[in-house]
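Please walk me through this structure for someone who has not seen it before, taking the ligand, the chains around it and the contact between the chains in turn.

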Amino acid sequence: MTGYFLQAFIYLLAAVVAVPVAKRFGLGSVLGYLIAGLIIGPVLGLVGEETNAIQHFAEFGVVMMLFLVGMELEPKALWHMKLRLLGLGGLQLLLTSAVITGIAMIAGLSWQVALTIGLIFALSSTAIVLQTFQEKGLQQTEGAKGAFSILLFQDIAVIPMLALIPLLALPELASAINETAGQNAGHGDSLVEGLPGWLYGLVIIASIVFVTVGGHYLSRPLFRFVASSGLREIFTATALMLVIGIAALMGLVGLSPALGAFLAGVVLANSEFRHELKANIEPFKGLLLGLFFITVGAGIHFATLFENWVLIISITLGVMVLKALVLFVIALLFDLKGSNRWLLTLSLAQAGEFGFVLISFAAQNNVLATDLIALLQLVVALSMFLTPGLFILFERVIMPRYMHGSGSRQHDTIDDKGSVIIAGIGRFGQIVNRLLVANDFKTVILDIRSEQVDLMRQIGTQAYFGDASKPGMLDTAGIKQASLMVIAIDDRETAVEMVKYVKLAHPELKLLVRAFDRGHSYRLRQAGADYLISETYHSALEMGAQALRSMGVHPFQAERQKHAYRDIEAQQSDVLYEAWKDDASGVRFDNNYRELFMELQQLIDDALKSDLHDNHSKRRGWTPPPKGYAEEQLKNQKD
Amino acid sequence: MSTEASSPSRHILLLFAHPSQARSEVNSVLFNAAKKHTAVTAVDLYAEYPDFNISIEREQQRLLEHDVIIFQFPMYWYSTPALLKEWQDLVLEYGFAYGKGGDALKGKQFLCAVSAGGREEAYQTDGFNHFTLRQLLQPLEQMASITQLTFLAPFALFGSRTAKEEHRITLHSAVWTKLLDSLAQDTLDITKARQLENLTRYFDEQDLHK
Ligand SMILES: Cc1cc2nc3c(=O)[nH]c(=O)nc-3n(C[C@H](O)[C@H](O)[C@H](O)COP(=O)(O)O)c2cc1C
């Protein structure tokens, strides 16, 4: 047992140290994990044989990643960008893999191996590139948009690739491995072994239909049922169960678990539980993928690198130059100009994390020999290590040249209006949402009551089930892009916590918060909320004014009284808040706040009364000149 | 107070604008008198629209249903109180009150019932205020012209701040009722009513007590 803890501790420690450092140096988290693996593996030798076992386990992170990728792909949105996807993405994949396959065959490899290598190198690193775009604020440039289309296409293309690679298996490798592995290699847990071809086909179709239809019709009642129990961890368990269940089913019928998870993700893309599901799966995916990359790093053969460093470095540079060339041609074809052309060319010139996935998958399926695997892994990793350098090249050398003149960066159209996140779509949030939506602002609505979300959806409001107090949830809701957040939830403590967290993580985001009462509003203000409304304040004032009208007070007078009340309250609010803070923090014990509060009540009373009594009005407004003033005028006129 | 026997044939719309009626000594008396008049629809604009959110629809409908339009207001900075200005800005739309197809108000009569703090002597070209009251109301006169309303002379009370102390309000209110009667029965000599400086004079010359 202690041994396991020790192992786990080493892995976690490496990640905890290496990832933040890598990010600090602009290398991104994927490289951070790889470095962590390198350090505990080949460099320090802290971990050894077991990395292989762990890697199999960690590959489940890839399944989860594909589930999430699927969930990002709303079929409608995909259809919308089909031209860009197929055009940019299709062309890139086709050209790159064709050229690399060709070269590999010339180098004397069999066509199966050459094609596998071509596919591996055709992929780029979604994780590094998208993150870098975001960090450098390039997302809205035409170049980045093109790159995004290509990456998306690649992510989707991984699915058929995973299906294709087993077909490329080399018989001589398979038998060699079978010999060494003995009986263990034969899988005992397949349902379809020994079935006739037609029945096998039928079983596969049936399971795909089951995943699609079941995902659509069965998952909702299930999630609703689970959500209504209000148990957070059970929801997480359900989400995990779903993904693992699908992976298991696919495994049983001999299909790729990743493919099944991807399908399920697409099916659930439109579900109201989408954000919540993502938020629950994301941490597992992140950790498992991280683990996966660590094991890749740990498994890298330094010996191979040192022995063949000339070869490996030249292959890496060759692959990158080739990829860049293809991208440059595509950028030309698609009429990308200026710095955008260079951005597309340089940003996607590396191989990516899916390359590792394909390599280990190909290895399992006996497509690649061991020495080739080590070499390919080194090339992929090295090209990823070089990527930040390419971005620096772009920023320092290329951008400046296009900044003036016809550079297109300044002309980028920012079509994102900056959306508003609304937490809580009860009676309060609904009104806020209506006003925003009616004025064409995009809102993302989160609520933890699934009945409420259903209700909203029935009346055509796009709401999501999700706990807005979870940072992960807010991230998936797009808090990084949002320019405003409205907190209208009806839980005091959570609201305060939410304000604290959001102000810490996203200090520029404006926060409009519903408060319950005076005390709550002070606490929210202390936590950093930008604008507060006490939920009952305005309605009570309105009711008071109506009471006055009902008692025969002139409606305009009632309106004025309302304003008088509001003015005094606003004038005093800062003083009261400071006093409350002193009281609350124990700076003073003399009930200063209480006294000031009484004073406020008195001030309001005075103001309201003075407004009623005509001529000696302290409160101003439409005060006529004194009685004798007309005569004074006449006197002046005569002088 | 109407002494005429015949039932009124015309409808009068009285649009009253006074933001501080609790202090009013003149206008509230006139407005209450008008409320009792059967031919008058008396609208307290500040009561109906305390938040200035005037219903264009409702106000235009009212205009269509009446033959005589009266603005009643205290003179504030040589003009109307704010809400009455807002009313004009919102209600008198192109295509309704003026411009192409805008003759909803054509032929209706229009007048202002004004109270001014200043004395009549001050409202002279050589007086303290440099203009007569009717001159100062020229924006409204031109508004009437472009909306094809027949502009009658203002019905004005001067020195309004001391009218109560000087016991002038009762007489003024009596003349006001008489004016409303004549407007309702359409017995006013329009040519004359258009030319006067102040409509209160109309009845001075004829016998008020008749
Ligand atoms: C804000 C304000 C502005 C005024 N401006 C004028 C003015 O320009 N000329 C004038 O003669 N009287 C002016 N007055 C005096 C009012 O006309 C006077 O108070 C009103 O006619 C009295 O009528 P009431 O008793 O019904 O309120 C003004 C009064 C106020 C409150």
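In this predicted model, an oxygen atom of the ligand is 2.6 Å from an N or O atom in the side chain of Ser115(B), a polar contact in the sense of a pair of N or O atoms within 3.5 Å. Ser160(B) likewise places a side-chain N or O atom 2.9 Å from an oxygen atom of the ligand, while for Gly118(B) a backbone N or O atom lies 2.9 Å from a ligand oxygen. The protein covers 89% of the 630 Å² of accessible area that the ligand has on its own, with areas computed by the Shrake-Rupley method with a 1.4 Å probe.

Around the ligand there are 21 residues, of which Ser24(B), Glu25(B), Met75(B), Ser115(B) and Tyr123(B) come nearest; a residue is near if one of its heavy atoms lies within 4 Å of the molecule. The site is shared between chains, because residues from chains A and B surround the ligand. Sorted by class, this shell holds 11 nonpolar, 8 polar and 2 charged residues, where Ala, Val, Leu, Ile, Met, Phe, Trp, Tyr, Cys and Pro count as nonpolar, Asp, Glu, Lys and Arg as charged, and the others, Gly among them, as polar.

Chain B itself has 9 helices and 6 strands, which are DSSP runs of H or I with at least four residues for helices and of E with at least two for strands, numbered from the N terminus. Of its 210 residues, 55% are buried, meaning under 20% relative accessible area with a 1.4 Å probe and protein chains only.

Where the two chains meet, 21 residues of chain A are in contact with 24 residues of chain B, contact meaning heavy atoms within 4.5 Å. Between them the chains bury about 2000 Å², 57% of it on carbon and sulfur atoms; buried area is the accessible area (1.4 Å probe) that two parts lose on being put together, summed over both. On the chain A side, Phe556(A), Trp622(A) and Lys627(A) lose the most area to chain B, together 31% of what that side buries.

Within chain A, Gln154(A) has its place in helix H9, residues 142–164, and is buried, with a relative accessible area of 1%. Leaving aside residues up to four places away in sequence, Gln154(A) touches Gln92(A), Leu93(A), Ala122(A), Leu123(A) and Ser124(A).

Residues are numbered from 1 along each chain as its sequence is written, and chains are lettered from A and ligands numbered from 1 in the order in which they are written. Local features need pLDDT of at least 70 and side-chain atom pairs count only at pLDDT 80 or more, whereas totals for chains, interfaces and linings use all residues, and side-chain values use heavy atoms, with hydrogens and water left out.

Notes: Buried < 20%, exposed > 50% of the residue type's maximum accessible area, 1.4 Å probe, protein only. Polar contact = N/O pair within 3.5 Å; in protein donor to acceptor, adjacent residues only side chain to side chain.
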